[in-house]
Amino acid sequence: MCNNFNKKFLDEAAKALENQESESDFSNTDYMSEAVKSAIQGMNANEGGPFGCVIVKNGEIIGRGNNKVTSTNDPTAHAEITAIRDACKNLNSFQLEGCIIYTSCEPCPMCLGAIYWARPDKVYFGCSQKDAANIGFDDEFIYKEIELDYQNRSIPFEQSSRKEALVAFQKWQEKEDKIKY
Ligand SMILES: [Zn+2]
């Protein structure tokens with residue numbers, strides 16, 4: 001009886017160790033390779049630019065994406081956005097708690113914002129913003145635009161009908177069955 005217990009305990013310990021090993025076998029480098037693979041596959045299929053992304057939860061890839069701007073006529077279809085949409089759909093959640101994002105390139109300001117809204121635990125990026133600028137994908141100007149006065153932006157911004165727009169906010173505050181996020 002005692003031996004059986006010991007055997008069971010040892011078997012379970014061995015299994016746990018095996019799982020741990022197989023998880024750690026798949027390292028950050030491997031996940032990043034998957035992101036890069038998505039980038040190259042998407043680019044070769046003429047879906048869009050050379051950007052890929054995978055999202056990992058508990059050692060498993062639960063979301064994948066690559067840039068699909070030109071093939072879907074969607075200027076927001078960056079790799080991180082398409083991967084976040086895929087992961088959230090698979091998780092049936094609007095949050096990426098406990099998830100790690102691996103993106104082949106440092107996120108642009110739009111994707112950076114999307115990542116903050118999705119709330120993953122961590123982000124790993126391959127190429128830098130500068131590497132992207134070197135091949136013609138320069139998003140540095142967007143960061144600079146944020147600080148400019150509305151009228152000085154390259155796309156001018158102007159406030160209009162604030163009072164009317166505030167009605168939606170008032171209704172939200174009063175709404176009793178709202179899903180907060
Ligand atoms: Zn982006």
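This report describes strands, a nonpolar core and selected loop residues of a predicted model.

## Basis of the description

The model is predicted: local features need pLDDT of at least 70, side-chain atom pairs count only at pLDDT 80 or more, and totals for chains, interfaces and linings use all residues. Residues are numbered from 1 along each chain as its sequence is written.

Helices (H or I, at least four residues) and strands (E, at least two) are DSSP runs, numbered from the N terminus. Two strands pair if DSSP finds at least two bridges between them.

Strand 1 covers residues 52-57, and five of its six residues are buried, so the strand is largely enclosed by the rest of the structure. A residue is buried if 20 or more other C-beta atoms lie within 10 Å of its own, exposed if 12 or fewer, and partly exposed in between, with C-beta atoms placed from the backbone.

Strand 1 and strand 2 (residues 60-66) run antiparallel and are joined by six bridges. Lysine 57 has glutamate 60 of strand 2 as its bridge partner. Strand 1 also runs antiparallel to strand 3 (residues 99-105), to which five bridges join it. Across this second pairing, isoleucine 55 stands opposite isoleucine 101 in strand 3.

## Strand 3 and the crossover

Six of the seven residues of strand 3 are buried, so this strand too is largely enclosed by the rest of the structure. Strand 3 and strand 4 run parallel, with five bridges joining them. Cysteine 105 has cysteine 127 in strand 4 as its bridge partner. From strand 3 the chain passes through helix 5 to strand 4, a β-α-β crossover that is right-handed; that is, with the strands pointing away from the viewer, the path from the first strand over the helix to the second runs clockwise.

## The largest nonpolar core

A nonpolar core is a set of buried Ala, Val, Leu, Ile, Met, Phe, Trp, Tyr and Cys residues joined through C-beta atoms within 7 Å. The largest one has 23 residues, of which Cys53, Val54, Ile55 and Ala83 touch the most other members. Two or more residues each come from helix 2 (28-44), strand 1, helix 4 (79-91), strand 3 and helix 5. Helix 4 gives the most, with five residues.

Two residues are in contact if their C-beta atoms, placed from the backbone, lie within 7 Å. Not counting residues up to four places away in sequence, isoleucine 55 touches Ile62, Gly63, Ala83, Ala87, Leu96, Cys99 and Ile101.

## Loop residues

Most residues other than glycine have a negative phi. Asparagine 58, although not a glycine, has a positive phi of about 50°. Asparagine 58 is in the loop between strand 1 and strand 2, a hairpin with two residues between the strands. With 9 C-beta neighbours inside 10 Å, asparagine 58 counts as exposed. Asparagine 73 is likewise not a glycine and has a positive phi of about 50°. This asparagine 73 lies in the loop between helix 3 (69-72) and helix 4, and is exposed, with 8 other C-beta atoms within 10 Å.

Arginine 119 is placed in the loop between helix 5 (109-118) and strand 4 (122-127). It counts as partly exposed, with 13 C-beta neighbours inside 10 Å. Leaving aside neighbours within four places in sequence, arginine 119 is in contact with Gln95, Leu96 and Glu97. Its C-alpha atom is separated by 8.4 Å from that of cysteine 99, 20 residues apart along the chain.
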